[in-house]
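Dear colleague,

Please find the structure below, together with its sequence.

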Amino acid sequence: MNNLIEKARHLPMRRPVQTISIDPVTLDARFRPQPLEMRITAPVDGQDLPIVLFSHGDGPSLYLPSKDGYGPLVSFLASQGFAVIQPTHANSKVGGLPHDQPGAPLFWRMRVDEMKHIIDQLDAIEAKAPFLAGRLDHDRIAAVGHSMGGQTVGMLLGARLSDPKRPEDTDVSVIEARIKTGVLLAPPGRGGDNLSDFARENFSELNPDYAHLSMPALVVVGDEDVNPFMTVRGAEWYRAAYEDGPGAEHLLSLARGKHGLGGIAGYDAKETGDEDPDRLAVVQRATSAFLYSHLYYDDPSWPRTLEALEANAAALATVETK
């Protein structure tokens with residue numbers, strides 16, 4: 001029971017289970033100079049655990065944009081029955097690559113490769129973390145990402161990009177069919193003239209093309225997520241994955257939500273300009289419900305969440321559906 005949650009307590013959720021976090025779990029990867037470090041958070045008990053690959057953003061903190069962040073969302077998903085695998089991506093501050101290397105500063109392709117490598121090595125991961133041996137359902141894999149992690153997940157679900165500084169990356173498909181569904185949390189919007197002068201010069205890979213996003217996805221945005229550092233557009237910039245992506249059938253828009261979406265990156269974190277227990281609970285419960293209903297086709301969690309949101313918590317968020 002969390003006494004800080006009010007309206008959002010009406011949204012359904014599974015009875016929480018005990019979880020355990022295993023850290024670090026490392027994988028060698030030929031495509032990057034150092035091992036890939038991960039944190040895995042999973043239920044203490046249970047078999048055939050569905051898997052969530054979580055892609056962190058590129059926020060201002062030193063440690064939250066890594067395997068060591070996003071505890072409020074990751075712990076919740078694990079308590080709902082998911083095994084959540086968090087890699088520290090190549091562009092992270094704490095363990096990433098120097099920004100004088102090709103692909104800097106966001107290393108979008110390496111981010112995608114890291115996520116695919118994890119799926120390739122699920123057997124090795126279970127061997128390195130015997131507590132998980134034989135307990136992961138390799139056929140039920142989802143991906144969740146925030147901010148740049150949202151773009152990473154979008155690419156895995158079929159989105160492409162155009163990069164004026166790297167023409168070889170333009171319109172390349174890196175879709176990962178083993179990932180069945182995903183949630184894009186405040187993903188970057190359209191590039192080109194929509195970007196600020198600074199972003200257009202320094203982050204040329206922020207030109208996602210969501211028209212090819214074909215796998216089922218939920219997009220989550222804050223209706224006050226305004227970032228003049230990155231875009232000349234307002235909060236509507238973050239709607240692009242929903243508006244352009246044929247697989248993105250639902251958009252969850254958080255009332256008064258900013259880029260921190262209520263506090264998903266960490267409790268009392270400077271990443272969060274809109275920390276709010278109810279707003280965070282909406283993101284937690286909606287993410288879990290959407291994933292369950294798209295990994296298990298007879299699971300009613302998502303439609304029940306939509307009904308409860310409209311009936312009891314409409315002041316917190318609205319959902320658009322194509």
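In these notes, a residue is called buried under 20% relative accessible area, exposed over 50% and partly exposed in between, with a 1.4 Å probe and protein chains only. The model is predicted, so local features need pLDDT of at least 70 and side-chain atom pairs count only at pLDDT 80 or more, while totals for chains, interfaces and linings use all residues. Residues are numbered from 1 along each chain as its sequence is written, and side-chain values use heavy atoms, with hydrogens and water left out.

Salt bridges

A salt bridge is taken as a side-chain nitrogen of Lys or Arg within 4 Å of a carboxyl oxygen of Asp or Glu. By this rule there are 20 salt bridges. Side chains of opposite charge can pair when their charged atoms come close.

One of these salt bridges joins the side chains of R32 and E114, at 2.6 Å from N to O. This pair links distant parts of the chain, 82 residues apart: R32 lies in the loop between β1 (19–27) and β2 (36–43), and E114 in helix α2. Helices (H or I, at least four residues) and strands (E, at least two) are DSSP runs, numbered from the N terminus. R32 is buried, at 6% relative accessible area, and E114 is buried as well, at 0%.

E201 forms a salt bridge with K165, with 3.4 Å between the closest N and O atoms. Here too, distant parts of the chain are linked: E201 belongs to helix α5 (residues 197–202) and K165 to the loop between β6 (160–161) and β7 (181–185), 36 residues apart. E201 counts as partly exposed because its relative accessible area is 49%; K165, at 47%, is also partly exposed.

In the salt bridge between E176 and R178, the closest N and O atoms are 2.8 Å apart. E176 is buried, with a relative accessible area of 7%, whereas R178 is partly exposed, at 32%.

Surface patch

L62, Y63 and V94 make a nonpolar surface patch of about 310 Å². Patches consist of residues with over 30% relative accessible area and no salt bridge, with like charges joined within 9 Å and nonpolar side chains (Val, Leu, Ile, Met, Phe, Trp, Tyr) within 5 Å. Accessible areas come from the Shrake-Rupley method with a 1.4 Å probe, and for residues only the protein chains shown count as cover. V94 sits in the loop between β4 (83–87) and α2 (108–120) and is partly exposed, at 41% relative accessible area.

With kind regards
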